[in-house]
Protein chains: 2
Amino acid sequence: MIKLLLAEDQGMMRGALALLLDLEEDMEVVAQVPAGDQIVDAALAARPDVALLDIELPGRSGLDAAADLRDRLPSCKVLIVTTFGRPGYLRRAMEAGASGFLVKDGPVEDLAAAVRRVLAGERVIDPGLAAAALSAGPNPLTPRERDVLTAAVDGATVADIAGKLHLSQATVRNYLSAAIGKTGTRNRMEAVRAARRNGWL
Amino acid sequence: MIKLLLAEDQGMMRGALALLLDLEEDMEVVAQVPAGDQIVDAALAARPDVALLDIELPGRSGLDAAADLRDRLPSCKVLIVTTFGRPGYLRRAMEAGASGFLVKDGPVEDLAAAVRRVLAGERVIDPGLAAAALSAGPNPLTPRERDVLTAAVDGATVADIAGKLHLSQATVRNYLSAAIGKTGTRNRMEAVRAARRNGWL
DNA sequence: CAGGCACCATGACATTTGTCAGGGGTGATC
DNA sequence: GATCACCCCTGACAAATGTCATGGTGCCTG
């Protein structure tokens, strides 16, 4: 019996997937969590064979949790299941030791198949996405540039960002300018969108 | 047998829900579409009793399709099933003649229950959301202000927007300023976010 | 140890953005 | 026929934003 952990914030999606996977004769969902900061605890308690993790979760990113899982429960394979096939996400997932990366666009049948393949030691990755990840290259933003850009996502002014990160306003403008340059965009808003699209935040 | 139409762009979600609803003894999914512009055609062909529609779909909004369905296939009840419980969405859904409004956060069991209640002539609406919709009030933005704001979502400059909408730059700035004022925000980006959060775009 | 890189900061500058006070035009409503 | 809301425009001004040049600090690596 393959024991599964399911981390997904949308209740309906989580419930539907759990039901679906439970229908497979050789699978059993032994834990379901709606938040990223519950993943590791639940996994240590339920000891699943495969963890299906969403990335954008409340509390903590599924990617961070994946890295943690690799250390604390190495027997458990990680399969990332996400809405957004962002190149940077795939890259980070691989670095975090994930065995597979699935987008929620595909047919449901892929899911159980992917679980089995992952458990067999294979790596499961959308081929088109893999190409995109390679062509997009690695994240060009420095940590500080990321900080400033993430602080700018919701329309914060330079003063807001400077206050939050304890920087001078001029410094913030410099980082923003650098980020705009590196993303090849024309302003803050475009830079934020570009960075997001690539999974750089 | 209750015949259902399912409109949802995420393949995995669509497949899982379809499977789930088909498991109910008295229900049958007679049509599945991944895009908004396929809803009406599919409904006219399959003649479902209830249509489960997502809002944010490629091609066409589920809300627009709902309004169309009311005219072209009045026998078919509409149940909106969406990720985002935005007050403005709920309001528009009601105006489009929807019989129910569900957010994907809740448990899956709600779904089949909602279908039955809708078919019994009830209105199914999340109570908390209804309150939010009332307290948020109607959309304060004029059509033109909406146009300008939607043109600004991806970081377009004033010149871009003016070009796209064939307006003078000063006019665009005025509409943006008005939108910023009405949303009670400090700049374009915040205004866009606020308008989106309320479902005003 | 030198060079490179990320980090933090300044100051000056041009550009963009947001605001305000106008002026016309339309159509609906009272 | 007056009023009102929306539409489109102008011009001027203050504030915020983006760019550049420059300089100092650490830290790692060849």
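Select B:His166 to begin: in this predicted model the residue is exposed, with a relative accessible area of 72%, where exposed means over 50% relative accessible area, buried means under 20% and partly exposed lies in between, all with a 1.4 Å probe and protein chains only. B:His166 sits in the loop between α8 (158–165) and α9 (169–183) of chain B; helices here are DSSP runs of H or I with at least four residues, strands are runs of E with at least two, and both are numbered from the N terminus. The backbone of B:His166 has a positive phi of about 55 degrees, although the residue is not a glycine.

Before moving on, a word on conventions. Residues are numbered from 1 along each chain as its sequence is written, while chains are lettered from A and ligands numbered from 1 in the order in which they are written. Because this is a predicted model, local features need pLDDT of at least 70 and side-chain atom pairs count only at pLDDT 80 or more, whereas totals for chains, interfaces and linings use all residues, and side-chain values use heavy atoms, with hydrogens and water left out.

Now select A:His166 in the other chain. A:His166 is placed in the loop between α8 (158–165) and α9 (169–183) of chain A, it has a positive phi of about 55 degrees without being a glycine, and at 71% relative accessibility it counts as exposed.

Next, show both chains together. Chain B is superposed on chain A by a rotation of 180 degrees with 0.0 Å of shift along its axis, at an RMSD of 0.1 Å, and the two copies are thus related as by a two-fold rotation axis. The superposition is by least squares on the C-alpha atoms of residues with pLDDT of at least 70 in both copies. The same surface serves both copies, since 100% of the contact residues of chain B recur in chain A, with contact meaning heavy atoms within 4.5 Å. To find the axis, select B:Ala16, which comes closest to it of the residues of chain B, at 2.8 Å for its C-alpha.

Hide chain B for a moment and look at chain A as a whole. Chain A has ten helices and six strands, and its C-alpha atoms fill a box of roughly 60 × 35 × 30 Å along the principal axes. Of its 201 residues, 50% count as buried, and residues 24 or more positions apart account for 63% of the contacts in chain A with a separation of 6 or more.

UniProt, in an unreviewed entry, lists residues 3–119 of chain A as "domain: Response regulatory"; feature names are shortened, positions follow the numbering used here, and annotations may be inferred rather than shown by experiment. Over residues 3–119 the chain is 44% helix and 22% strand, with the end C-alpha atoms 11 Å apart. The UniProt annotation "domain: HTH luxR-type", also from an unreviewed entry, covers residues 134–199 of chain A, a stretch that is 68% helix and 0% strand and whose end C-alpha atoms are 13 Å apart.

Zoom in on A:Asp54, which the UniProt annotation "modified residue: 4-aspartylphosphate" (unreviewed entry) covers. A:Asp54 is found in the loop between β3 (50–53) and α3 (62–72) of chain A, and at 5% relative accessibility it counts as buried. Leaving aside residues up to four places away in sequence, A:Asp54 touches several residues, among them A:Asp9, A:Thr82, A:Thr83 and A:Lys104.

From there, select A:Val103, which lies in strand β5 (residues 100–103) of chain A and counts as buried at 17% relative accessibility. The C-alpha atoms of A:Val103 and A:Ala93, ten residues apart along the chain, are separated by 13 Å.

Finish in chain B at B:Leu6, in strand β1 (residues 2–7), where a relative accessible area of 4% makes B:Leu6 buried. Not counting residues up to four places away in sequence, the contacts of B:Leu6 include B:Leu17, B:Val29, B:Val33 and B:Leu52. Select B:Val81 as well: its C-alpha atom is separated by 9.7 Å from that of B:Leu6, although the two residues are 75 residues apart along the chain.
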